[in-house]
Amino acid sequence: MLSDGRIVAIKKSKVVDESQLEQFINEVVILSQVNHRNVVKLLGCCLETEVPLLVSEFISNGTLYDFIQDETNEFSISLNMRLQIATEVAGALSYLHSSTSTPIYHRDIKTTNILLDEKYRAKVSDFGTSRFVSLEQTHLTTLVKGTFGYLDPEYFQSSQFTEKSDVYSFGVVLLELLTREKPISLTKFGEHRSLVAYFMEAVEEGRVLSILDAMVVKEGSMSELLAIANLALRCLNLNGKNRPTMKEVSIELEGMRLSHVPFTIQTSFGHISKFLATMTPEMCCVMEIDFKAGEEKLTGDVGGGSRWSGGPGEGKQVAGGGVRQKKNHVPLLP
């Protein structure tokens, strides 16, 4: 904790060697020139101690990996939240690739390098292996570095890292959000150990929805889920030139997030619309909907000071009058 009361995170090297020191300096240089709401903020550093230290903002909810793989199931992850997290990460990478004065390739995008704050907003972190790239450069030729399961196959074969290599890694993150599976499974065998290979096989066999997390299938329409899966597929194209840019990915995801309406609510409105067709003109013009309870509750004033209430197909009159005013009231035309 700092003298002003702020809680901070301190990152220090486990081993003191030249390569670790180089990564720390590299992270300081890059983060000092980055300013984005979805990139972790560097507050300070100390490179003169025996073990170098980086001081950054404290992100309270840990890594996206732990959040996705939480086996207690204490917190269900809605499709809307998954789309929000994916959109925020894509926006941060788009910023690094195309909005900084000098483009930056992250080079190690994975769910353990994505943090979640108190409101579950994504923060991209760990820039130790990241690199600045001049505007004239199309790739970096380096020793292959990264994490198995996220590595771009094209980069692995050629040692040439491009902005599309970050896109591939993001595609794996998107699959993790959709399936809640690990990038490399220790319980599956053969090609199914790789989440990407497992996904590709499902796509080829026309059963991609069968590998998605149950909550995703419950809340998304078929067309919506297929659109997200198709975006992941394009990010994972073996030919980097055929992958979208992170800017394109960010724009598509933002559109999906803004247009998303949970399928359970769509279904509920379907039930309500059928029921409204049976209402008489004397019914009042107020409808009250309670989705938290998992069912529709409708109330309305009826002539003579009586009150009508009930769910779809079960309208009934009750004594009294007036309707409680709530924020989720939807006006009806008489």
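Visitor: What is the strand order in the open sheet of 3 strands?
Guide: The order is β1-β3-β2, with antiparallel pairing. Strands here are DSSP runs of E with at least two residues, helices are runs of H or I with at least four, and both are numbered from the N terminus. The model is predicted, so local features need pLDDT of at least 70 and side-chain atom pairs count only at pLDDT 80 or more, while totals for chains, interfaces and linings use all residues. Residues are numbered from 1 along each chain as its sequence is written, and side-chain values use heavy atoms, leaving out hydrogens and water.

Visitor: Which strands stand at the edges?
Guide: β1 (8-12) and β2 (42-46) do; each has a single partner strand, so one side of each has no neighbour in the sheet. From one strand to the next the twist averages 20°.

Visitor: Over how many bridges do β1 and β3 pair?
Guide: Over 5 bridges, in the antiparallel sense, with β3 covering residues 53-57. Two strands count as paired if DSSP finds at least two bridges between them. Ile 10 stands opposite Val 55 in β3.

Visitor: Changing topic. Is Glu 27 buried or exposed?
Guide: Glu 27 counts as buried, because its relative accessibility is 5%. Buried means under 20% relative accessible area, exposed over 50%, and partly exposed in between, with a 1.4 Å probe and protein chains only. Glu 27 is in helix α1 (residues 18-31).

Visitor: What is Glu 27 in contact with, leaving aside neighbours within four places in sequence?
Guide: Lys 11, Leu 54, Asp 126, Phe 127 and Gly 128. Contact means heavy atoms within 4.5 Å. The C-alpha atoms of Glu 27 and Ser 130 are separated by 7.4 Å, with the two residues 103 apart along the chain.

Visitor: Now helices. At what angle do α3 and α5 pack?
Guide: Helix α3 (residues 79-98) and α5 pack at about 170°, with axes 10 Å apart. That makes α3 roughly antiparallel to α5. Axes are lines fitted to C-alpha atoms, for helices over the stretch in contact, and angles run from 0 to 180 degrees between N-to-C directions. Under 35 degrees counts as roughly parallel, over 145 as roughly antiparallel, 65 to 115 as roughly perpendicular, and the rest as oblique.

Visitor: Which residues of α3 and α5 meet?
Guide: Arg 82, Ile 85, Ala 86, Val 89, Ala 90, Leu 93 and His 97 in α3 meet Glu 163, Asp 166, Phe 170, Leu 174, Leu 177 and Leu 178 in α5. By class, that contact has 9 nonpolar, 1 polar and 3 charged residues. Nonpolar covers Ala, Val, Leu, Ile, Met, Phe, Trp, Tyr, Cys and Pro; charged covers Asp, Glu, Lys and Arg; the others, Gly among them, are polar.

Visitor: And how do α5 and α6 pack?
Guide: α5 (residues 163-179) and α6 (residues 195-204) pack at about 70°, with their axes 10 Å apart. They are therefore roughly perpendicular to each other. Residues making the contact include Tyr 168 and Val 172 of α5 and Phe 199 of α6.

Visitor: Where is Arg 180?
Guide: In the loop between α5 and α6. Arg 180 has a positive phi of about 60° although it is not a glycine, and counts as buried because its relative accessibility is 16%.

Visitor: What about phi of Tyr 120?
Guide: Near 60°, a positive value in a residue other than glycine. Tyr 120 is in the loop between β5 (114-116) and β6 (122-124).
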